[in-house]
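Me: I'm new to this one and would like to go through it step by step. Can you show it to me first?

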Amino acid sequence: MGTKLLSGYRRKELAWLYLFVAPPVLGFLLFGLVPILFSIYISFHKWDMLSDPQWMGFANYKDLLADEKVFKSLYNTVYLMIGIPIGMVLSLLLAILMNRKIAGISFMRTIYYLPVISPIIAVSLLWQWILNQDYGLLNNFLWEVFGITGPNWLGKPEWVKPSLILIGLWSGIGGNMVLYLAGLQSISSTYYEAAEIDGAGAWHKLTRITIPLLTPIHFFVIVMGIIGAFQSFSQIYVLAVDGGPEYSGATVVYYIFQHAFEYFNMGYASAVAWVLGILIFIVTLIQFKLSNRWVYQD
Amino acid sequence: MRRERWTDLWSLLLLLFGSVFMVAPFLWTISTSLKDRRNVFEIPPQWIPDPFTFGNYAMVWQESPLLNGFMNSLIIVVIVLTVGMLVSAMSAYAFGKFEFPYKGVLFLGLLGTMMIPYSVVMIPQYIGFSRLDWVDTLLPLIIPGLFGNIVVIFFIRQYLQSAMPTELIEAAKIDGSSFPGIFFKIALPIMKPALAAQAALSFMGIWNDFLGPLIYLHTPEKQTIQVLIASMQAMYIGQSDYPMIMAAAIIAMVPVIIVFFFCQRYFIESMAISGIKG
């Protein structure tokens with residue numbers, strides 16, 4: 001009798017459990033799996049959403065391999081990743097400076113974190129004004145302090161990407177700084193005490209203890225940074241209108257967006273999106289494979 | 001001890017120096033937004049607007065249905081956050097504290113969704129939603145969020161595994177509590193801090209979202225605040241009306257900054273948690 005009662009309870013419990021996990025599973029099917037399968041289908045068609053889809057075979061994929069703009073936007077996207085290592089160095093430095101108990105530190109933390117939470121659209125508008133060639137704050141600063149005539153940041157093809165990296169650094173280092181700060185606080189002080197007894201200086205402590213013990217965070221920052229860079233769109237939409245001069249600012253997602261929602265080439269856009277998706281997948285996979293060679297695990 | 005104090009001082013000085021570069025763009029934006037259009041192009045730049053005017057804010061507010069924009073963003077955020085968070089908490093509880101057939105497969109499948117870039121699903125989703133005639137409504141931005149968020153599920157599940165002893169559930173069972181009863185009376189209060197941290201992050205993500213709203217919302221009255229602000233740029237950049245654009249940027253920033261100051265602890269905590277566990 002007792003076991004029967006229990007199994008009755010268990011049956012009820014199982015029903016509840018499946019009910020509890022059903023929404024995300026359903027969401028995954030409706031907004032993940034089905035769209036993905038549909039996307040494969042579209043990518044083999046020509047479709048403007050008005051007439052019927054037209055079977056194209058691999059034509060979309062062949063076309064994109066010959067499409068200069070695909071490679072240009074891919075190059076631009078990868079170029080923006082230069083900001084990742086620079087940002088890591090800066091945010092680690094900030095975190096080290098902040099990792100001490102002094103009055104005013106939490107206020108400092110807030111200031112550096114503010115750009116992280118600011119809407120990317122507003123941040124882009126603000127920087128567009130700051131980077132104005134003649135009247136922008138940055139070029140005025142460069143002229144008055146260093147006597148340098150600043151470039152036409154967003155107007156010259158060779159300066160668009162450095163501008164985007166600069167903006168990315170300003171708006172991103174606060175976030176990584178917080179991660180590093182948490183990492184630093186989790187390092188046991190015994191490591192440093194032992195090193196001090198052995199006569200290690202500040203540089204040695206940094207390069208032999210701090211940086212190696214923070215490798216899980218370096219890894220996280222790199223993986224997320226690359227995935228994020230592959231998907232950058234909003235700042236491009238505002239700062240590099242129509243892809244910027246000579247398409248120097250367009251990213252792959254921007255290119256996909258243009259084809260899908262400006263020219264309504266749904267099939268071609270889907271093919272490019274697939275290539276991007278596979279690329280992100282492969283790069284992330286390689287990083288995870290390589291991670292056990294350099295990421296510290298305790 | 002003395003050396004320690006000197007490093008403290010130097011650190012603070014360096015941080016102060018850096019913070020000038022972090023704050024200057026904000027101050028410059030505020031300053032520009034309060035200037036008269038004629039005084040914007042002065043060289044060297046004037047930090048204190050003279051004359052000082054709030055006219056740009058009034059103009060921006062009149063020119064564009066910003067109040068609608070705020071309401072639309074708010075509707076999306078409130079519905080997605082309340083329903084989405086509850087749904088995520090429920091499945092995190094089931095995944096984190098119980099065993100059931102196919103649990104591993106289901107969870108792995110969900111984790112797989114984290115790998116799918118939005119750019120791959122955005123086109124088929126758009127086609128699907130346009131078939132339902134949902135384009136130019138808020139529905140495509142709300143409905144997918146009601147099914148929970150895998151990132152939130154992942155972190156809450158992680159949190160529950162260490163924060164909620166299984167004996168607690170066993171004891172409640174013996175006391176005769178029902179399954180949903182245990183969830184709402186015991187589990188939900190336990191996960192409150194983790195939930196708050198995730199809600200803070202989600203708020204930011206939804207409020208600042210741009211690509212989705214840009215694709216779906218076309219009528220100005222139906223757009224979210226971000227899309228409206230972005231379209232301001234197209235309207236005023238030709239006339240180089242920077243005071244107007246900067247006023248718009250400030251209007252878009254203020255709500256997030258207010259929320260941030262009230263929930264600062266949660267933001268910084270959730271950022272830190274996501275990094276360490278990831």
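**Helices and a leucine**

Me: How are α3(B) and α9(B) oriented to each other, oblique or roughly antiparallel?
Reply: Keep in mind that this is a predicted model. Helix α3 (residues 66–97) of chain B packs against helix α9 (residues 179–207) of chain B at about 140°, with the axes 8 Å apart. Roughly antiparallel needs an angle over 145 degrees. So α3(B) and α9(B) are oblique.

Me: What is the handedness of that crossing of α3(B) and α9(B), and how many charged residues are in the contact?
Reply: The crossing of α3(B) and α9(B) is right-handed. Their contact is made of 23 nonpolar and 3 polar residues, and the number of charged ones is none: no charged residues.

Me: How much of residues 181–207 of chain B is helix?
Reply: UniProt, in an unreviewed entry, lists residues 181–207 of chain B among the stretches it calls "transmembrane region". The end C-alpha atoms of this span lie 33 Å apart, and strand makes up 0%. Helix accounts for 100%.

Me: Is A:L94 buried or exposed?
Reply: A:L94 sits in helix α4 (residues 83–98) of chain A. Its relative accessible area is 9%, and the cut-off for buried is under 20%. So A:L94 is buried.

Me: Which residue of chain B is in contact with A:L94?
Reply: Leave aside the neighbours within four places in sequence. A:L94 then touches A:Y112, A:I173 and A:M177 in chain A, and from chain B the contact is B:L15.

Note on methods:
Residues numbered from 1 in each chain as written. Chains lettered and ligands numbered in written order. Predicted model: local features only at pLDDT ≥ 70, side-chain atom pairs only at ≥ 80, totals over all residues. Heavy atoms only, no water. UniProt positions renumbered as here; feature names shortened; annotations may be inferred. Helix = DSSP H or I, 4+ residues; strand = E, 2+ residues; numbered from the N terminus. Axes fitted to C-alpha atoms, helices over the stretch in contact; angles between N-to-C directions. Parallel < 35°, antiparallel > 145°, perpendicular 65-115°, else oblique. Left-handed = near helix turned anticlockwise from the far one by under 90°. Nonpolar A, V, L, I, M, F, W, Y, C, P; charged D, E, K, R; others polar. Buried < 20%, exposed > 50% of the residue type's maximum accessible area, 1.4 Å probe, protein only. Contact = heavy atoms within 4.5 Å.
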